[in-house]
Amino acid sequence: MSARRGTSGGEAPDMMKDDGDEGPGQNYLPFVRMEELLDKLKLLRYDKEFVMALRMKPLNRHYFALAGSPGEQFFLFVSLAVWLINKTGKGMEQPQESDDPNSVISNILDTLRQKDENIDFPPSKLKAGNGEHVIYVLDSLADFALKHTAFTWQKTVYPPEQEVEDQETEDEAELTLEKVEEEMQELYEDDDDEDEENIMHLDDLTDLTQTTGGQVERPEQIMHSNTTSEEWRLELERVLPQLRVTIRSDQRDWRSHIEQMHDYRSKIDESLSYAQKQLDSLHSEIAHSLEKVGSREKYINAELEQLLTEYRNLQNMATENQEQYRQVSGNLTQKSHELAQITDQLDHVKHEMEDRGSSMTDGTPLLSIRKALTRVKNELTAIDVRIGVVQQKLLMTRLKDKSNLQRDMNAPVHNNMDMGLY
């Protein structure tokens, strides 16, 4: 099962070949690829799951084939690529406008490489957000998404063709032709009524040899003529002008066109002989040119054999360098993530050290402590005064109670003394 129409897995599309192998229609190939990509996206229901769900701008059939706003096209490209990656079963967060473009592009290309897709162009080609490389990446992801959804291309079902009733048409044409012939015959008969009486037809000659029952009359004995040759000659000269036999022509009969067919055949033979000579000369010229081309090709191959060998070696070196660059790019992305984490940790530590340093050099806590001590001392003094007042009151209360007690104790003694006096 394969859902890819433009390319096969692991091979770059035809539009990404070298400029030397491009044909005159190569410039229009991205537009065709873009229309195929849009069809695949419609099969994946991108208008509901991508445009409406994520509130993205819908695509036109030449959106990524033509250059527009780079920022808008790039953001829509990476968003659509991530959505297609999620459709393949791999989870990836939707990018934000503040994300690093190099990191997002690297993640997308890594996903394609994991699926054994050949990426032989630099990631910087995707930053513009348009062009053949952008369409190639999206088309490859769309193919993988269709495979994941178990989509298959069905055979084209053509509508049943209505059989044209040729027989009825031919019958109508024949009837029409017969009507025309009948009308023409009537005109001819009207014009030649007088001559018709003096003309002997073949049918009349046939009728002379037949009876009414269709049987030929045979004499019972041999008939002998008594007419002399002179009488036969005179009778023949007399009836000779009346012995005209007419045959009705039929346009549908091939015998009426036999002369025309012979003329056409002679013309065809003449043209064929002339054309045969021209074709023979052309064949000889082409054969001679092919021999020259073959010899020139052998000479060029012999001359360029060393250059071709050097070119192959350089191409192999370029492939190795591209592979090393891909590995280094992957390591660079990983190191960039690690650097970002370390930078965040360093900022956090710096913030803590600044907080601690500011707290150590700041005299505000000491002033607060001094103010608190002063406030405590004042409160203690106020408490001491209150204690002194309370003690004074307590002492006065005790002295008052003691004096009252003594007065109460002395009161009965005076009463007894007064009673004794009385």
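**Notes on the predicted model**

1. Confidence first: the chain averages a pLDDT of 76, with 73% of its residues at 70 or more (pLDDT is the predictor's confidence in each residue, from 0 to 100). Over residues 194-203 the pLDDT is below 50, and this stretch has 13 contacts beyond near neighbours in sequence (contact means heavy atoms within 4.5 Å). This is a predicted model, so local features need pLDDT of at least 70 and side-chain atom pairs count only at pLDDT 80 or more, while totals for chains, interfaces and linings use all residues. Residues are numbered from 1 along each chain as its sequence is written, and side-chain values use heavy atoms, leaving out hydrogens and water.

2. On to the core. The largest nonpolar core has 40 residues, and L59, F64, F77, L80, L84, V137 and L138 touch the most other members (such a core is a set of buried Ala, Val, Leu, Ile, Met, Phe, Trp, Tyr and Cys residues joined through side-chain atoms within 4.5 Å). Helix α5 gives the most, with 10 residues (helices are DSSP runs of H or I, at least four residues, numbered from the N terminus).

3. Now the salt bridges: the whole structure has nine (a side-chain nitrogen of Lys or Arg within 4 Å of a carboxyl oxygen of Asp or Glu). D139 pairs with K40, closest N and O atoms 2.8 Å apart. D139 sits in α5 and K40 in α1, so the pair ties together parts 99 residues apart in sequence. Both D139 and K40 are buried (under 20% relative accessible area; exposed is over 50%, partly exposed in between; 1.4 Å probe, protein chains only).

Definitions and conventions
Helix = DSSP H or I, 4+ residues; strand = E, 2+ residues; numbered from the N terminus.
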